[in-house]
Amino acid sequence: MYRFILRRILWSIPVLFILSLITFFLMHSIPGGPFDTEKQVPKEIKANLERKYRLDQPLWRQYMEYSWGIVRHLDFGPSYASRSRTVNDIIKDHLPVSAQLGALALAIAIGTGVPLGIIAALKQNTYIDYASTFLAILGRSIPSLALGPFLIWIFALKLHLLPVATWETPQHMILPAITLGAAESALLARLTRASMLQVLREDYIRTAWAKGLPRPSIMLRHALKNALIPVITVMGPLFAVIITGTFIVEYIFAIPGLGRYFITSIGNRDYPVIMGTSLLFGFFIIAANLLVDISYAFIDPRIRYQ
Amino acid sequence: MLPLRRQTAEAPTVPRAGGHRGIWADAALRLAKNKLAVAGGIILLLLVIAAIFAPFIAPKGYAEGSLEQNYATPGKRYLLGADFMGRDLLSRIIYGTRVSLTVGVVGATLATIIGVIYGSISGFYGGRIDNWMMRFVDLMYGLPTLLLIILIMVYFRSSSLVGVESNPVIKALSVIDDAIGGMFFIFIGIATTSWLTMSRLVRGMILSLKEQQFVEAALVAGASDFRIMSRHLLPNFLGPVIVAETLNIPNYIIIEAFLSFIGLGVNPPMPSWGGMISEGFRGMRSYPHLVLFPAMALSITLLAFNFLGDGLRDALDPRMR
């Protein structure tokens, strides 16, 4: 098993390397430097600025220095749009808010999705099953950039129940977290249902019935435990969707998180910030996939010997 | 001997039972019984009609507006109101169908084409080629998809800005991109990652198919590799592969809406539902209809695709029902 884990950890290194290469070279091959604004800057000043930000050096060297800075000091470099703050300051200010939002959304997705899927599978082909399946399709079909406005309209503008914008009290967090978690909850519900139905047809479940075990024991200990294994595999991709989902949700609800800052920096073409935040998000997503794979090896003995 | 002969003699008169229709006809029958799937199909048909005949259905052009009429409320003159530039919202939503459906269908087509070619070559030649090609897929799989698409779109959108000197290839591509309202770069962005799952699927199918005797027969008859892949292997897996890919269309529609929402999608004034939500968003407190109607159009379209897609999957794999 340790060989599997080691191999999996080593494998994520080239992935991170490729991500950093793509990010760096895409952002640096955009024609026109950050100081080519509409306002003409004197040549000497531009040259000085470029020297200060080391833009006058060859590209491979810039890449080496940049990635070395990240690996060595976790230094993501300066921001071009806001001269007073570095990319590190920006990450430090905005990441905690995004992390809170993501954790809340993940809790909502797992807390509602998995039970919904279990109930649907246990009550297969009843109205409860149909209702939960319908709900799951609904959740999957309304993307956050539609669900967000719907929720704002109903709960903030019509009913005046909840506030929107900013990130202060728990009331502020309800609508964004639901918007971000709804689609994932629907996905989990569908997956749990399908996986549960498949497990319920297995021979060992029939054996358990034949042994005369009580129903709750069969459902919980024999069926659910095995049914959740495939559900765990999607946690990695799910995490990725939640991270990229924060871009939209934070933008819609005017939450001062890193996702919103990322979208703003795309609008400003602030390449160092785009680069730094992309790398950070990419690192989180790759790390989440790694953790899920490793935990999978612990949970499912069959995977260890592959 | 005698009973056996009687049985064979009687066989043709036995009425054909349900199992004899073949899997596709069976699936079609099951699909027709699924009310939600049929409803989804009908809505999709209407959307396709709306997209094709948009100039005849829409009351006005998508770019035509008068500033005196901006933020007009829904009423007789503007059925769903007018946006911040006084453009008819209904017309823009109808034209927006074009962008969403085109991106969805082209995205799925590109994923299928690239995935089938890549997966076929990898599975057919096997050995070291297969190993390297699949390691590359694994590598790409590890990358965060949407983030990659965003970076690619930032690159294209920034490089093709007017007045920016970039290499001639990008310039040529951006001419094509402009001609179709900015959708071309979206196609490229989606195509860079969308083919990965398909290539794995196709490779798996090829691996099992190429051991079959008809491939051996074709080899003995002197058929070229290309002929074996295109004439003997492809028809054996293309059907299910296309069905599998249609289930991904909603994803591509969401990606387009997402990109247009953050300003990397289609070029204005080309209407995209994601872009319209973004445009209307600032005035949402006073004019919520400008956001809600495009959001509804997007949701209904995705709902229709998912109803039909789920029905299709259940019809082809009835055990899961």
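This is a predicted model: local features need pLDDT of at least 70, side-chain atom pairs count only at pLDDT 80 or more; totals for chains, interfaces and linings use all residues.
## Chain B overall

Start with chain B. Its secondary structure comes to 14 helices and zero strands. Read along the sequence, the pattern is simply α repeated: α-α-α-α-α-α-α-α-α-α-α-α-α-α.

Now look at the dimensions. Along the principal axes, the C-alpha atoms of chain B fill a box of roughly 95 × 50 × 30 Å. The radius of gyration of chain B is 25 Å, while a compact globule of 321 residues would have one near 20 Å. Of those 321 residues, 41% count as buried. Contacts also reach along the sequence. Take the contacts in chain B between residues at least 6 apart in sequence: 70% of them join residues at least 24 apart.

## Chain A overall

Chain A holds 12 helices and zero strands. Its pattern along the sequence reads α-α-α-α-α-α-α-α-α-α-α-α. The C-alpha trace of chain A spans about 85 × 55 × 30 Å along its principal axes.

Chain A has 306 residues, and buried residues make up 37% of them. Consider the contacts in chain A between residues at least 6 apart in sequence. Here 73% join residues at least 24 apart.

## Where the chains meet

How many residues does each chain bring to the contact?

## The largest nonpolar core

The largest nonpolar core has 150 residues. Two of them, B:Met153 and B:Phe258, touch the most other members. Helix α14 of chain B, residues 289–316, gives the most to this core, with 14 residues.

B:Phe258 is then in contact with A:Leu145, A:Ile248 and B:Gly274. That list includes residues of chain A and of chain B.

## Two packed helices in chain A

Two packed helices are described by the angle between their axes and the distance between the axes. In chain A, helix α4 (residues 87–122) packs on helix α5 (residues 127–141) at an angle of about 145 degrees. Their axes lie 8 Å apart. The crossing of α4(A) and α5(A) is left-handed.

Which residues make the contact? Helix α4(A) supplies A:Leu116, A:Ile119 and A:Ala120. Helix α5(A) supplies A:Ile128, A:Asp129, A:Ser132 and A:Thr133. By class, the residues of this contact divide into four nonpolar, two polar and one charged.

A:Asn125 sits in the loop between α4 and α5 of chain A. Its phi is near 60 degrees, a positive value in a residue other than glycine. Is A:Asn125 buried or exposed? A:Asn125 counts as exposed because it has 9 C-beta neighbours inside 10 Å.

A:Ala254 is in the loop between α10 (235–252) and α11 (258–268) of chain A. Phi of A:Ala254 is near 50 degrees, again positive in a residue other than glycine. A:Ala254 has 14 other C-beta atoms within 10 Å, so this residue is partly exposed. In chain B, a cis peptide bond joins B:Pro268 and B:Pro269, with omega about 10 degrees. B:Pro269 is found in the loop between α12 and α13 of chain B.

A:Val241 lies in helix α10 of chain A. Why does A:Val241 count as buried? The reason is the number of its C-beta neighbours: 21 inside 10 Å, where 20 or more are needed.

Compare the position of A:Val241 with that of A:Arg215. The two are 26 residues apart along the chain, and their C-alpha atoms are separated by 36 Å.

Terms used. Residues are numbered from 1 along each chain as its sequence is written. Chains are lettered from A and ligands numbered from 1 in the order in which they are written. A nonpolar core is a set of buried Ala, Val, Leu, Ile, Met, Phe, Trp, Tyr and Cys residues joined through C-beta atoms within 7 Å. A residue is buried if 20 or more other C-beta atoms lie within 10 Å of its own, exposed if 12 or fewer, and partly exposed in between; C-beta atoms are placed from the backbone. Helices (H or I, at least four residues) and strands (E, at least two) are DSSP runs, numbered from the N terminus. Two residues are in contact if their C-beta atoms, placed from the backbone, lie within 7 Å. Axes are lines fitted to C-alpha atoms, for helices over the stretch in contact, and angles run from 0 to 180 degrees between N-to-C directions. A crossing is left-handed if the near helix is turned anticlockwise from the far one by less than a right angle, and right-handed if clockwise. Ala, Val, Leu, Ile, Met, Phe, Trp, Tyr, Cys and Pro count as nonpolar, Asp, Glu, Lys and Arg as charged, and the others, Gly among them, as polar. The radius of gyration is taken over C-alpha atoms; the globule rule is 2.2 Å times the number of residues to the power 0.38. Lists of a residue's contacts leave out its neighbours within four places in sequence.
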